[in-house]
Amino acid sequence: MHNIISGFSKLSKSEKIDWLLATYFTNQDSAKTLVQQYWNSDDKLQKLHDEFIENTITNYYLPLGVAPNFLINDTLYAIPMAIEESSVVAAASKAAKFWLERGGFKAEVISTEKIGQVHFIYEGDTSKLEAFFREVKPKLIKDTASITKNMERRGGGILDIELRNKTEDLPNYYQLHATFETLDAMGANFINSCLEQFATSFKTEALQFKDFNEDERNITIVMSILSNYVPECLVRAEVSCNIEDLKSKDIPNPQEFAKKFKQAVSIAEIEPYRAVTHNKGIMNGIDAVVLATGNDFRAVEAGVHAYAAKDGKYSSLTHCSIDNGVFKFWIEIPLALGTVGGLTSLHPLVKFAMEMLQKPNAKDLMQIVAVAGLAQNFGAVKSLTTTGIQEGHMKMHLMNILNQFEATLVEKNKLVEHFKTHTVTHSAVVDAIEALRK
């Protein structure tokens, strides 16, 4: 067993690296060189990155790509995408170009309400708790005045607080269910600060409520935390055109394409095994933009997938209709995003991405992100129902395979040319490399 270490967080960066190398690596010099190669040459910039999280030893790079030609509500965007998977940026770009010639994407923010909860245990008469809540609710809001004043000045703040009885699901379990408007901030710290103050005030006031008996006064606060499920923070994006206008080099028969495309989406609506992969493709586009703009893609993922199961069965996030000769494809998803605070004001490449997007506010960014997910899904389903997914994906993956075999520039050029007219599979690339090297 390797040595257990105490006080790792207190070590300097170089001491952390030295301990890791001595404990886990056989070729320490090579490992140390690799770690240091990813440091930024600007010491100040590297220190900034080091302080984003704890116990940092180096930077972990993801490619930052750009998908141009997105026409969204008559404004043209080039969308930044941070992702490691080949073909994602290409597919988004191709879908953007396709719809650019057919009126572009339309998007609208439906609502921007965010949620937080104080979870607590109360053993007593529910009617007394309800009476107490009605009395204490104004004080809960008043006691957060120092937290909410700046947000309120900008037009946001606490929207409402409800008492929710969850005792049918868990004995003696109740919630303070609060809703918030956080404007251009994602709002996690703001919401959590408000919730913790609600909890303190709620518990303190309960001790003095005259109608409670001794046991009822001793409310147990379990936790106070925002929810990443935001079904009332919704954005919709769509594309539509006459079916005959779908005709292109890849779509010689638009009527057949539209029918098959709709069938593919309908399958994802009713079949969870397909829906998960279908939605994963959507998240390829969404996560890439969320990450590039310094937002929390894990929170977005959790909330979006919960929304996909909101009707009791996991289903497609996108939908398709064909009515009176018009093809329509749309997505409606919850997205809690921010354009101020957090990494959005610290990370230089996030600032770069925001400027590329023409300095959007939170609502603008919600629309852009939803469009990226819709475009990605259109590209994937279009490939699946026409050429098949592997033809385009494996051509984009070709360079990864060649790099795995450390192909030279000359070899790469010859093999890229070869696979313009041959099917790309891993085994076919291996055979071609070996044949070339012989």
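Helix 11 gives the most to the lining of the largest cavity, namely three residues. The model is predicted, so to speak of local features a pLDDT of at least 70 is needed, side-chain atom pairs count only at pLDDT 80 or more, and totals for chains, interfaces and linings use all residues. Residues are numbered from 1 along each chain as its sequence is written, and side-chain values use heavy atoms, with hydrogens and water left out.

Select helix 11 (297–308) and strand 4 (114–121), the elements that give two or more residues to the lining of the largest cavity. Helices (H or I, at least four residues) and strands (E, at least two) are DSSP runs, numbered from the N terminus. On a 1 Å grid over the protein atoms alone, a cavity is a set of points where a 1.4 Å probe fits but cannot get out, whereas a pocket is an open set with protein on both sides within 12 Å along at least five of seven lines; lining residues have an atom within 4 Å of a point.

The structure holds one cavity of 30 Å³ or more, and the volume of the largest cavity is about 90 Å³. A volume is the space filled by probe spheres set on the points, which are joined across faces, edges and corners. Next, select Met 186, Asn 228, Val 230, Ala 299 and Ala 336, which lie nearest the centre among the 14 lining residues.

The largest pocket holds about 1600 Å³ of space. Select Phe 52, Leu 291, Gly 294, Leu 343 and His 347: of its 42 lining residues, these are the closest to the centre. Then select helix 7 (188–206), one of the elements that give two or more residues to this lining; helix 7 supplies the largest share, four residues.
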